[in-house]
Amino acid sequence: MDVVEVTPSFEQYAYTFGGVAPLMRIRPGTALRVWSDDAFGGALRKTSDLSSEKVDLRFVNPQTGPFHVEGAEPGDTLALHFVAMEPARDWGASAAIPFFGGLTSTAVTATLQEALPDTTWIYELDRAANTVTFAARHTDLEIALPVEPMLGTVGVAPMGGEVRSSLVPERFGGNMDTTQMRPGTTCFLGVNVEGALFSIGDGHYRQGEGEACGTAVEGAMTTTLIVELIKGDAPAWPRLEDDSHWMTVGSSRPLEDAWRIAQVELVRWFRDLHGLHPMDAYQLLSQTVEVPIANVVDANYSTVVKAPKALLPRATAYGGLHDDLRRRAATLL
């Protein structure tokens with residue numbers, strides 16, 4: 001399988017989902033090897049670089065894309081299978097940004113507190129050991145942590161001609177910040193506009209569930225993925241499948257509404273996968289699912305509801321596309 005290499009220039013980055021002309025037109029079945037910059041656009045390179053001085057929040061989460069998928073129409077399903085994610089720099093950055101994060105006053109969770117200290121951490125990458133090193137800013141503690149690459153943002157253009165910031169997660173995908181968006185996962189997104197116009201970015205070398213301070217170990221990433229198109233059958237919210245789980249993602253505020261969205265979507269998916277009555281699916285999922293919090297810091301919060309395949313009868317979605325993509329991906333590794 002041929003792989004199309006894509007390395008955008010600075011001027012080609014997109015900072016929204018929707019409202020951007022396509023970077024490239026591709027056909028279903030295309031394999032891409034895509035370079036994306038970190039969420040800060042490379043602005044934080046040392047601990048003395050402060051986000052209040054270096055980062056313009058209008059231009060964060062630069063996206064590589066959008067890609068116009070030939071034949072994609074509203075109501076179709078876009079499938080993105082992630083083959084590999086490789087750190088594209090030898091360091092990653094994380095930051096406590098003033099008035100941004102899960103444990104600080106924000107514009108929409110307003111208190112009379114001052115901002116937490118503007119602080120930057122730099123994580124050095126050890127490629128041989130496949131680790132990044134946490135170095136405490138206020139003590140001498142250092143800890144080597146395993147690299148677990150993922151993408152924070154994966155999405156298509158929204159419906160209704162909307163243009164949404166790349167900081168926002170919603171039904172079109174976007175800045176979901178789920179650790180499940182990793183190599184070996186297939187992401188299914190409903191197509192809202194002709195060509196789908198999908199973009200990816202916001203590479204994380206690792207992230208804890210919830211992304212509590214608002215930033216992961218943010219790093220430039222080289223991502224290999226395969227793009228496929230399913231005619232019709234668009235999911236209302238993002239769906240994920242890997243070798244071990246069925247997953248749905250909900251994004252909203254408050255957090256329990258994000259949880260409800262993802263639960264309802266998995267009930268609906270299990271109706272189709274297993275022919276279950278919604279009440280039976282509701283009961284079965286109540287006893288089997290895991291619910292990792294993806295993020296509690298974005299414009300919307302995101303949760304993932306995941307059901308282990310090992311506890312369930314064998315089923316296939318979209319004609320067994322995930323298994324087929326896994327076989328194709330093996331030829332690229």
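Among contacts in the protein between residues at least 6 apart in sequence, what percentage join residues at least 24 apart?

**View 1. Contacts and elements of the predicted model.** Of the contacts (heavy atoms within 4.5 Å) between residues at least 6 apart in sequence, 78% join residues at least 24 apart. The protein holds four helices and 21 strands, which are DSSP runs (helices H or I, at least four residues; strands E, at least two) numbered from the N terminus. This is a predicted model, in which local features need pLDDT of at least 70 and side-chain atom pairs count only at pLDDT 80 or more, while totals for chains, interfaces and linings use all residues. Residues are numbered from 1 along each chain as its sequence is written, and side-chain values use heavy atoms, with hydrogens and water left out.

**View 2. Extent of the C-alpha trace.** Along its principal axes, the C-alpha trace of the protein spans about 55 × 45 × 40 Å.

**View 3. Helix α4 and its buried side.** In helix α4 (residues 321-330), the residues Leu-321, His-322, Leu-325, Arg-328 and Ala-329 are buried, where buried means under 20% relative accessible area, exposed over 50%, and partly exposed in between (1.4 Å probe, protein chains only). These residues lie on the same side of α4, because they cover an arc of only 120° around the axis, the arc being that of the directions from the helix axis to the C-beta atoms. On the other side of α4, Arg-327 and Ala-330 are exposed.
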